[in-house]
Amino acid sequence: MTDITHYAAQMEKELPSILAMAERSVNIDSGSYLADGVNAVIDIWAGMLSGMGFIVERKPLAGFGDQMTARLALGGNGPRLLILGHADTVWPAGTAADWPFQRIGDRLTGPGVGDMKTNVIMAMHALKFLLANQALGGLASVTFCVVPDEEIGSPGSREWLESVSREADLCLTLEPCRPKGGMVIGRGAVGAFYVNATGVTAHVGANRENGASAIAALAAMVAPLEALGDPANGLCATVGIFKGGEARQVVPGSAEMHVDLRAPDDEAGEKLLAQVREIAARPPADPRVSIVSRGGFTRPAFPTLPGTHALFALAEEFCAELEIPVFSVVSRGGSDGSFSARLGVPTLDGLGPVTHDTCSRREQVEVASIITRGAVLAGLMAAAAEGRVRL
Ligand SMILES: [Zn+2]
């Protein structure tokens, strides 16, 4: 039996425990803004990590759940391993009651089941048997971070994640594996830009000339903003939210739009942002309307480093042994792995179980992939400990 098939057999033994903990965790609402729920999920996970010998530190983040850093010193001469997960989901309060954890045949469903509650639990169980088998002794340390605000772009966690990344030699990120085996080796930059307009209200029938439309001023920007994109090359400016107005018969006094920004690399992102700012700063056709804008890139691009290629090559080897598909993806979406990769830490993402329709009500995890993808993750950690990853 090779290591990797042995790890798959170990994961299979852990499956009932993984599913039981996934059920408890998924049935707690933990949307990014539900601090108590996020902390209740972290309580479960911190309990397991402490039981495995990790020193768990929790730092409260105002308005959100805690930032959990679990550290285990192993004392080897090998790399310092960083594992990134998150406890928050995109779902509001009440979702779990309405859509609880469920196993339907070979799939799991429920809010955040694949993004990424099962993933973190799978990783902890892989660590558990690797530690019990003394397979990680070559590592200097393992740091396992659980982020409370990932789904909104980790605005309060960037500094913390950058500081733990500076103390790491490689990073494994637990975002879901794409259907048919997609792992993420690179990501574009992601940003958010907000534009608010204040006009003058007036009745459209009685004295329209006294009004100045905030909606008209912002609407004039939509086409030029979206024309900045080149989607085929990963460059996009998209107006995702546009709201305004007070009543049908009133010249709108207020309007706002939220613009999503995507760029293949940081340089293209800076250029796009400058063009977006220039459009937002153009004087409105009606000078009585005032415009205020703010925002920028919140997640840097995740470059594909040589060490990332080396990690992916090993993952390919393990997947071949397990006869499961794998391919590499350069994603337009951001993740916390973007922070570590940006700082030069070889990072491989998409190491969770195979998840379909992520962040939709149809989100489903393939049960069998918890075993196989968990074995691949275990294999990567053990390979790092054995000095088999050329960083
Ligand atoms: Zn996620």
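Mentor: Strand 15 is joined by 2 bridges to strand 16 (residues 364-366), and the two run antiparallel; strands here are DSSP runs of E with at least two residues, helices are runs of H or I with at least four, and both are numbered from the N terminus. The model is a predicted one, in which local features need pLDDT of at least 70 and side-chain atom pairs count only at pLDDT 80 or more, whereas totals for chains, interfaces and linings use all residues. Residues are numbered from 1 along each chain as its sequence is written.

Within that strand pair, His-356 stands opposite Gln-364 of strand 16. Both strands belong to an open, antiparallel sheet of 4 strands in the order 4-5-16-15, where two strands count as paired if DSSP finds at least two bridges between them. Its edges are strand 4 (102-104) and strand 15 (355-356), each of which pairs on one side only.

Turning to a helix pair, helix 4 (residues 113-132) packs against helix 10 (residues 367-385) at an angle of about 55°, with the axes 9 Å apart; axes are lines fitted to C-alpha atoms, for helices over the stretch in contact, and angles run from 0 to 180 degrees between N-to-C directions. Helix 4 and helix 10 are therefore oblique to each other, the term for whatever remains once angles under 35 degrees are called roughly parallel, over 145 roughly antiparallel and 65 to 115 roughly perpendicular. Their crossing is right-handed, that is, the near helix is turned clockwise from the far one by less than a right angle. Helix 4 contributes Thr-118, Met-122, Ala-123, His-125, Ala-126 and Leu-130 to the contact, and helix 10 contributes Ile-370, Gly-374, Leu-377, Ala-378, Met-381 and Ala-382, contact requiring that C-beta atoms, placed from the backbone, lie within 7 Å. By class, this contact has 9 nonpolar, 3 polar and no charged residues; Ala, Val, Leu, Ile, Met, Phe, Trp, Tyr, Cys and Pro count as nonpolar, Asp, Glu, Lys and Arg as charged, and the others, Gly among them, as polar.

A second open sheet has 6 strands in the order 1-2-6-3-7-14, with mixed pairing, and its edge strands are strand 1 (55-60) and strand 14 (347-348), each pairing on one side only. Strand 2 (residues 66-73) runs antiparallel to strand 6 (residues 141-147), the two being joined by 6 bridges, and Ala-73 stands opposite Ser-141 in strand 6. Helix 5 (residues 158-166) packs on this sheet, touching strand 2, strand 3 (80-86), strand 6 and strand 7 (170-173), and its direction makes about 170° with that of strand 6.

To place these elements in the chain, note its division into domain 1 (3-188 + 302-385) and domain 2 (189-299), with bounds from an automatic or database domain assignment. Taken over C-alpha atoms, the domain centres are separated by 37 Å, and the contact takes 7 residues from domain 1 and 8 residues from domain 2. On the side of domain 1 that touches domain 2, the residues divide into 1 nonpolar, 5 polar and 1 charged.

Notes
Contact = placed C-beta atoms within 7 Å.
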